[in-house]
Amino acid sequence: MRRILSIDGGGIKGVFPAAFLAAVEESVGRPTAEFFDLIVGTSTGGIVALGLGLGLSAGEVLKFYEESGPRVFCGNPLIRGLRRIGLCKYSPGTLRDALTRHFGEQRLGDSRTRLVIPSMNLETGQVHVFKTSHHPRLERDFREFAVDVALATAAAPTYFPTHRMAAGTPLVDGGIWANNPVGVAVVEAIGVLGWSRDDLRVLSLGCSSSPLNIGLARTVPLGLSYWAAKIVDVLMAGQSSGAMGTAQLLAGHANVMRVSPVMPAGRFRLDDPREILSLRGLGDSEARKALPALRPLFFQERAEAFEPCHRLTAQYSG
């Protein structure tokens, strides 16, 4: 059996999947990454995935959010006020410093499990997916610094500036096209790794969700000024629904489990660190409910050791 963990984007709401996995770890007594053959994460989910792959426990990833979240999403009030005329809301410096404290000089190739981290290339308009060297043709990404991969997948437009890699590639948040990366995960498993659909078990963790509400636009032909505040929610809902449909069609409905509690609209925002404690409590309570069903599927046996196709040399090792 091959077990896959997929983690959505969601800014500070990444506290939820981190807390969920921390609660699971406390119950099963082993680090999360030891149970999964592939971990896929977008944006804040990419940060969680990188942390797990690089050997952090989910509890340590949760601590990262609790300690760094209020500083990362504090921001400069003047810059926030100027957001409407073209400046992003937050500086990436605080996030970079926090990531560096936890990831250091480690590279993607230091991961102990297979990782897939979506981003997007603004120069070409094409998707840019960072991958560990889990296939012979994956010859380059594993050399990238984990901090750079995290900053690229989390560079949400209007919140953080475009992240340029050392080679000059301009990258933004993978949530632009794969905020829920579960479809990407299953395609990677079947199409790249060649795993049988009958052997897959997929755990998809969201960061909470809210019912889609477009108000009067259902019946009234409203224009740009109205849709500007609604279109992102519509696109995200459609992408997540499409990703789940793709995963379920390819892997089988019974093999894909989704945990993302539905909350009232506006209950949690992407950049409100005041709700960290509530998000942590929500993650803990959802784990308590889900664990009896998840344990026999995901947390009974450790995954086989990951053997990358290409390894870091002394020149690149962190």
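Analyst: A salt bridge here is a side-chain nitrogen of Lys or Arg within 4 Å of a carboxyl oxygen of Asp or Glu. This is a predicted model, in which local features need pLDDT of at least 70 and side-chain atom pairs count only at pLDDT 80 or more, while totals for chains, interfaces and linings use all residues. Residues are numbered from 1 along each chain as its sequence is written, and side-chain values use heavy atoms, leaving out hydrogens and water.

User: What makes Asp272 and Arg274 a salt bridge?

Analyst: Their closest N and O atoms are 2.9 Å apart, and the cut-off is 4 Å, so the pair qualifies. The rule gives a count of 15 salt bridges.

User: How do you know how Glu286 and Lys289 are placed along helix H11?

Analyst: Helices are DSSP runs of H or I with at least four residues, numbered from the N terminus. Glu286 and Lys289 are three residues apart in H11 (residues 276–298), which means a separation of about one helical turn. Their side chains form a salt bridge at 3.0 Å, N to O. Glu286 is buried at 15% relative accessibility, whereas Lys289 is exposed at 56%.

User: What is the N to O distance in the salt bridge of Arg311 with Glu307?

Analyst: The closest N and O atoms of Arg311 and Glu307 are 2.5 Å apart. Arg311 is exposed at 53% relative accessibility, and Glu307 is exposed at 53%. Elsewhere, salt bridges with shared partners join Lys89, Arg269, Asp271, Asp272 and Arg274 into one network.

Definitions and conventions. Helix = DSSP H or I, 4+ residues; strand = E, 2+ residues; numbered from the N terminus. Buried < 20%, exposed > 50% of the residue type's maximum accessible area, 1.4 Å probe, protein only.
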